[in-house]
Amino acid sequence: MAVILAIVPFVSDSRTTLILLTQIFIFGILAMSYDMLLGYTGIVSFGHAMFFGIGAYTSAIMLNMYESTMAIFTISIAVGMLLSAVLSFFVGLLTLRLKSHYYAMLTLAISGLVLVVAEKWRTMTKGNDGFTFRAPEFFRDRMMFYLFALACLIVIYIIFKRFVGSPLGRVLIAVRENEQRTASLGYKTLHYKVIASVLAGVVASLAGSLYAVSLRFVNTSVMSMDITLDALLMTIIGGVGTLIGPLLGAAVIEFAQHYLSGLARDYPIFERWIIIFGIIYILAVIFFPRGIVGTLSQKLGEWKMKRKTAAVEETFQKVPPPGIADESGEWK
């Protein structure tokens, strides 16, 4: 799939398709970072957008203040990741002792506080008005930025895949399944949840940096609740705890938003396209209760189990019934 996506800009000259796929890559990274919390640790966060916004603002401010070069952009990504790591570490220590919806509401409050700071610090962020900036010369060609975003997506996916398969990742899954039992085995579950929170925040910051450069513009909308809800929907629709599911969910949502809003410009009936989008989401939850990837994996597992059971039954049918040995020892 990565090879096919890498070939796309060389065989298609559609600028719209290139931009849409780039957005899918960026939000796929964000959704995977959220899946690390929800799918592999069982943490529901309503404040994930603040890390996305920190990355976006860090890159935008540094590219605006200094020369728009790849070196500055790379440094801005590192600085954004560092700020997000520090913030997610302290937020994790302060909030992860809480359970379920109490934690979710507190993360929402902290995210709201960070959003207010961004709105009021106009000398740096220009508030709700936002500001434009120049992207590095290397990204003036959309194809180069497309390939860069794809490379980031592949690297993050490989890192996450290795992480969840490691002993540390197995402990996180155990925390998700039964935190009390995991703690009774001697694991300090708070430490593991903080590690997951820091990793998710760092990767969300990377997605924010890429998003800001893709638009060449940033304002406080990058820290809005809509960003967190998008990541949550992408994770749920694609499949919680699958990694590949959030990528598929990002593709479904971005394609749906793009084409439904496009139809609204041509056909008046689609002017309220957000209602149709809501219906699509409801149908996806009804017919794919574990997400697209999760439900398909479950059905595939059930089909394999039926085949295996049928093969075992067929084997036993071919075995002759036990006979009786005569005096010479031969079976009759």
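## Close-up views

Figure 1. Lys 193 counts as buried, because its relative accessibility is 6% and the word buried is kept for values under 20%. This view, like the others, shows a predicted model. The side chain of Lys 193 meets that of Glu 179 in a salt bridge, with a distance of 3.2 Å from N to O. The pair ties together parts that are 14 residues apart in sequence, since Lys 193 lies in helix 10 (residues 189-215) and Glu 179 in helix 9 (residues 179-184).

Figure 2. Helix 10 is built from 27 residues, and from its first C-alpha to its last it reaches 39 Å, which is close to the 39 Å expected at 1.5 Å a residue. Of these 27 residues, 22 are buried, and the helix is therefore largely enclosed by the rest of the structure. Most residues other than glycine have a negative phi, and Arg 216 has its positive value although it is not a glycine. Arg 216 belongs to the loop between helix 10 and strand 2 (217-218), and with a relative accessible area of 18% this arginine is buried.

**Figure 3. Two further salt bridges and the exposure of their partners.** The structure holds four salt bridges, and this view turns to the one in which the side chains of Arg 122 and Asp 129 meet, 2.9 Å apart from N to O. Arg 122 is partly exposed, with a relative accessible area of 43%, whereas Asp 129 counts as exposed because its relative accessibility is 56%, and exposed means over 50%. In another of the salt bridges, Glu 137 is joined to Arg 140, and here the closest N and O atoms are 3.3 Å apart. Is Glu 137 buried or exposed? Its relative accessibility of 55% makes Glu 137 exposed, while Arg 140, at 37%, counts as partly exposed.

**Figure 4. Lys 126 over the ring of Phe 131.** The charged end of Lys 126 sits over the ring of Phe 131, at 5.5 Å from the centre of that ring. Lys 126 has its place in the loop between helix 6 (122-125) and strand 1 (131-132). The backbone of this lysine also deserves attention, for its phi is near 60°, a positive value in a residue other than glycine. With a relative accessibility of 33%, Lys 126 counts as partly exposed.

Figure 5. A pair of aromatic rings is described by the distance of the centres and the angle of the planes. A search of the whole structure finds 13 aromatic pairs. In the pair of Phe 89 and Phe 90, the ring centres are 5.4 Å apart and the planes stand at 75°, so this pair is edge-to-face. Phe 89 is partly exposed, with a relative accessible area of 36%, and Phe 90, at 48% relative accessibility, counts as partly exposed as well. The pair of Phe 255 and Tyr 259 is stacked, because the ring centres lie 5.9 Å apart with the planes at 5°, and an angle under 30 degrees counts as stacked. These two residues are separated by about one helical turn, being four residues apart in helix 12 (residues 244-266). Phe 255 is partly exposed at 31% relative accessibility, and Tyr 259 is partly exposed at 48%. Elsewhere, Phe 73, Phe 138, Phe 139, Phe 145 and Phe 148 are linked into a cluster by ring pairs.

**Figure 6. A nonpolar patch on the surface.** Which residues form the nonpolar patch on the surface? The patch is formed by Ile 274, Ile 275, Ile 279, Ile 282, Leu 283, Ile 286 and Phe 287, which together have about 720 Å² of accessible area. One of them, Ile 274, lies in helix 13 (residues 273-287). Ile 274 counts as exposed, because its relative accessibility is 52%.

Technical notes: Residues are numbered from 1 along each chain as its sequence is written. This is a predicted model: local features need pLDDT of at least 70, side-chain atom pairs count only at pLDDT 80 or more; totals for chains, interfaces and linings use all residues. Side-chain values use heavy atoms; hydrogens and water are left out. Patches are made of residues with over 30% relative accessible area and no salt bridge: like charges are joined within 9 Å, nonpolar side chains (Val, Leu, Ile, Met, Phe, Trp, Tyr) within 5 Å. Accessible areas come from the Shrake-Rupley method with a 1.4 Å probe; for residues, only the protein chains shown count as cover. Buried means under 20% relative accessible area, exposed over 50%, partly exposed in between (1.4 Å probe, protein chains only). The expected span of a helix is 1.5 Å times one less than its number of residues. Rings of Phe, Tyr and Trp (its six-membered ring) pair if their centres lie within 6.5 Å; planes under 30 degrees apart count as stacked, over 60 as edge-to-face and the rest as tilted. A charge sits over a ring if NZ of Lys or CZ of Arg is within 6 Å of the ring centre and within 35 degrees of the ring normal.
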